[in-house]
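Dear colleague,

I am handing over the structure we discussed, which follows directly below.

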Amino acid sequence: MPATTLSKTAAHDPRVFDLDQLSLRELNQALHNLAPGSNETAWEVLNPKGSHSVAVGVDQPVAIDVRGSVGYYCGGMNSGSTITVHGSAGPGVGENMMSGSITIKGDASQYAGATGKGGLLVIEGNASSRCGISMKGIDIVVHGNIGHMSAFMAQSGNLVVLGDAGDALGDSIYEARLFVRGKVDSLGADCIAKEMRPEHLELLQGLLDRAGVTGVKPSEFKRYGSARTLYNFNIDNADAY
Amino acid sequence: MTYRNPPTTPRKSATFDDYTLSEIRRAAATGIYDIRGAGAKRKLPHFDDLLFLGASISRYPLEGYRERCDTSVVLGSRHAKKPIELKIPITIAGMSFGSLSGPAKEALGRGATLSGTSTTTGDGGMTEEERGHSKQLVYQYLPSRYGMNPRDLRRADAIEVVVGQGAKPGGGGMLLGQKISDRVAEMRTLPKGIDQRSASRHPDWTGPDDLEIKILELREITDWEKPIYVKVGGARPYYDTALAVKAGADVVVVDGMQGGTAATQEVFIENVGMPTLACIRPAVQALQDLGMHRKVQLIVSGGIRNGADVAKALALGVDAVSIGTAALVALGDNDPRWEAEYNELGTTAGAYDDWHEGRDPAGITTQDPELMKRVDPVAAGRRLANYLKVMTLEAQTIARACGKNSLHNLEPEDLVALTIEAAAMAGVPLAGTNWIPGKNGF
């Protein structure tokens with residue numbers, strides 16, 4: 001890999017990566033080359049112009065500001081970094097995130113946070129279909145609405161939606177918790193509305209705080225989760241599949 | 001003395017045979033479809049329907065045991081910085097921790113490593129047992145993404161994007177609650193004891209154009225070091241192979257319907273997908289049409305049992321084969337020494353396929369701590385290594401007899417078919433004729 005030419009002015013100024021000048025490969029390699037404890041903690045990516053796989057597999061606690069919109073899988077498998085996309089994100093943003101956080105200032109396409117194991121994904125606009133599909137511990141907060149089939153087969157973690165949810169929310173859900181403030185078009189198989197107990201209000205307040213949401217009370221949300229009727233196969237439930 | 005008409009012998013229906021009748025009764029009594037492990041059990045056109053011609057006046061053989069016959073293969077040279085180099089063209093197929101016990105996974109790693117080949121994770125993530133004991137480990141990237149994480153991705157030697165498998169092209173996985181122990185539950189982020197349903201599609205991509213972007217992401221995460229395989233069930237091998245190549249795969253894995261599963265509906269295993277023999281030539285043809293044969297490697301699996309099967313697959317244009325069921329048998333699966341216990345389970349050694357129930361007397365397809373003690377990973381790994389060695393020697397014996405100094409120099413011209421079906425599927429002449437059904441207008 002050739003040495004990258006960087007406009008690095010001072011130790012704590014952000015390292016600026018202009019994707020008009022440098023390749024995606026150079027960007028991701030530079031991020032992967034970061035040693036633990038590196039003082040290059042601030043990064044800025046210019047001209048992403050819908051590039052796929054921007055800042056994937058980062059495993060150091062650095063802050064990455066992406067100035068523009070990204071394509072597929074931005075922040076995929078993120079482990080510990082803080083990524084902010086000052087634009088919208090294509091499909092699979094933050095897929096399989098382990099830890100850290102990703103904030104999308106605009107909207108997100110399909111599969112946002114798919115299979116995420118941990119960390120926080122904040123979408124300040126709307127998210128499309130299958131948001132939080134197969135989530136496994138990630139927390140997702142969407143300021144706007146989410147599309148159909150969101151939280152399909154969601155295993156664990158929390159999905160918070162300040163707006164509305166599309167059809168078949170939480171289909172075949174396992175133990176993930178869903179909090180929706182607006183209306184839900186329909187619930188998927190085995191997903192039911194559940195009582196909001198004090199511990200859930202507390203949990204939700206913590207998620208709203210972490211996501212920087214103000215002026216919204218946990219009591220405005222409804223909670224949804226698994227009825228657990230499909231956990232062990234029973235032929236009399238066959239119509240539910 | 002009264003005359004009695006001669007009785008007719010009671011005749012059972014070929015259509016409604018004993019197995020069919022028992023299955024109707026079972027379905028009526030339980031209301032649940034039959035779930036089992038392993039691959040298709042019905043008789044199918046297979047490698048047994050092909051023969052090698054050997055050398056004769058027109059070509060001379062190599063001296064057995066004296067003249068070299070290379071068995072090595074490099075996988076992933078198209079894009080990966082670190083391709084996989086194997087001493088033998090026989091790899092161990094993906095089988096999950098969860099469906100298999102920890103000691104069984106360790107034994108597979110040990111056996112493969114002794115033999116200079118790779119083993120593969122499964123739908124349950126990477127365990128320390130298999131990473132620690134496998135010199136070359138292929139990490140499967142599955143729809144469920146159970147246990148998927150970037151650390152394991154980077155300590156894998158190759159990544160296999162699993163689109164489908166031969167036992168159930170288009171089907172997801174199923175691990176019934178009996179096998180969801182604390183450890184399996186934790187690895188899969190699921191409550192203990194529930195039925196685990198693996199999705200049939202990847203959650204964040206559909207179709208070949210998305211796959212190309214997904215492969216790019218995996219390459220970027222792993223800094224373009226790892227070979228990326230794409231595994232498909234044997235359904236449309238020509239187009240699936242072509243699309244996998246287009247999406248950027250380094251290696252294409254095609255699994256025929258004899259390839260095993262941990263647990264799938266019987267009706268799915270026996271009625272969906274194509275026999276391994278029928279998958280090979282279309283996949284090879286796709287690579288040849290794209291000018292990518294031997295550049296993108298082809299691995300074929302499903303019913304590989306001995307060195308003859310290996311040699312036949314390679315002669316048809318495959319770069320390597322993969323074994324799953326046969327490897328489990330080498331470890332001790334379905335061993336007659338446990339016959340009394342198989343009988344208690346209502347079956348017999350050789351027929352036991354209720355792998356999903358977790359009560360495997362051989363201790364392989366179980367999470368029962370007592371049963372799994374029956375697998376000694378060192379001894380079982382040694383048996384697997386012995387078996388792989390025998391298969392390799394057998395394949396070399398055939399290749400030398402055909403005058404080849406490398407297994408990969410075997411070619412379709414070395415083969416004939418015993419049946420019209422096999423001739424058509426393999427694209428080789430019916431023995432004693434120059435007739436290849438479907439070729440030259442016939």
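**The sheet of chain A**

In chain A, strand β3 (residues 63-67) and strand β4 (residues 79-85) run parallel and are joined by four bridges. Please keep in mind throughout that this is a predicted model. Within that pair, A:Ile64 stands opposite A:Ile83 of β4(A). Both strands belong to an open sheet of 11 strands with mixed pairing, whose order in chain A is β1-β2-β3-β4-β5-β6-β7-β8-β9-β11-β10. At the edges stand β1 (15-18) and β10 (191-194) of chain A, each of which has a single partner strand, so one side of each is left without a neighbour in the sheet. On average, and with direction ignored, neighbouring strands of this sheet are turned by 15° against each other. Helix α2 (residues 198-210) of chain A packs on the sheet, where it touches β6 (120-123), β7, β8 (156-161), β9 (177-180) and β11 (222-226) of chain A, and its direction makes about 70° with that of β8(A).

**Domains of chain A**

Chain A is divided into domain 1 (12-33 + 42-124) and domain 2 (126-212 + 222-227), and the centres of these two domains of chain A, taken over C-alpha atoms, are separated by 23 Å. The contact between them takes 19 residues from domain 1 of chain A and 21 residues from domain 2 of chain A. On the side of domain 1 of chain A that touches domain 2 of chain A, there are nine nonpolar, seven polar and three charged residues.

**Contact between the chains**

Where chain A meets chain B, 36 residues of chain A are in contact with 21 residues of chain B. On the chain A side, the elements that give two or more residues are α1 (24-32) and β7 (136-142) of chain A, and the largest share, four residues, comes from α1(A). By class, the residues on this side of chain A divide into 15 nonpolar, 16 polar and five charged.

**The sheet of chain B**

Chain B has an open sheet of eight strands with parallel pairing, in the order β5-β15-β14-β12-β11-β8-β7-β6. Its edges are β5 (90-92) and β6 (119-120) of chain B, each with a single partner strand, so one side of each is left without a neighbour in the sheet. Five bridges join the parallel strands β12 (residues 251-255) and β14 (residues 297-301) of chain B, and B:Val251 stands opposite B:Gln297 in β14(B). Helix α6 (residues 207-221) of chain B packs on this sheet, touching β7 (137-141), β8 (158-162) and β11 (228-233) of chain B, with its direction at about 145° to that of β11(B). Helix α9 (residues 276-289) of chain B, in turn, lies across β12 and β14 of chain B and runs at about 170° to β14(B).

**The nonpolar core**

Which residues touch the most other members of the largest nonpolar core? Of its 192 residues, they are B:Ala249 and B:Val252. Not counting residues up to four places away in sequence, B:Val252 touches B:Val230, B:Thr241, B:Ala244, B:Val245, B:Ala283, B:Val296 and B:Leu298. The largest share of this core, nine residues, comes from helix α14 (residues 377-401) of chain B, while at least three residues are drawn from each of domain 1 and domain 2 of chain A.

With regards

How values were computed
Residues numbered from 1 in each chain as written. Chains lettered and ligands numbered in written order. Predicted model: local features only at pLDDT ≥ 70, side-chain atom pairs only at ≥ 80, totals over all residues. Contact = placed C-beta atoms within 7 Å. Nonpolar A, V, L, I, M, F, W, Y, C, P; charged D, E, K, R; others polar. Core = buried A, V, L, I, M, F, W, Y, C linked by C-beta atoms within 7 Å. Buried ≥ 20, exposed ≤ 12 C-beta atoms within 10 Å, placed from the backbone. Domains from an automatic or database assignment. Pairing = 2+ DSSP bridges. Axes fitted to C-alpha atoms, helices over the stretch in contact; angles between N-to-C directions.
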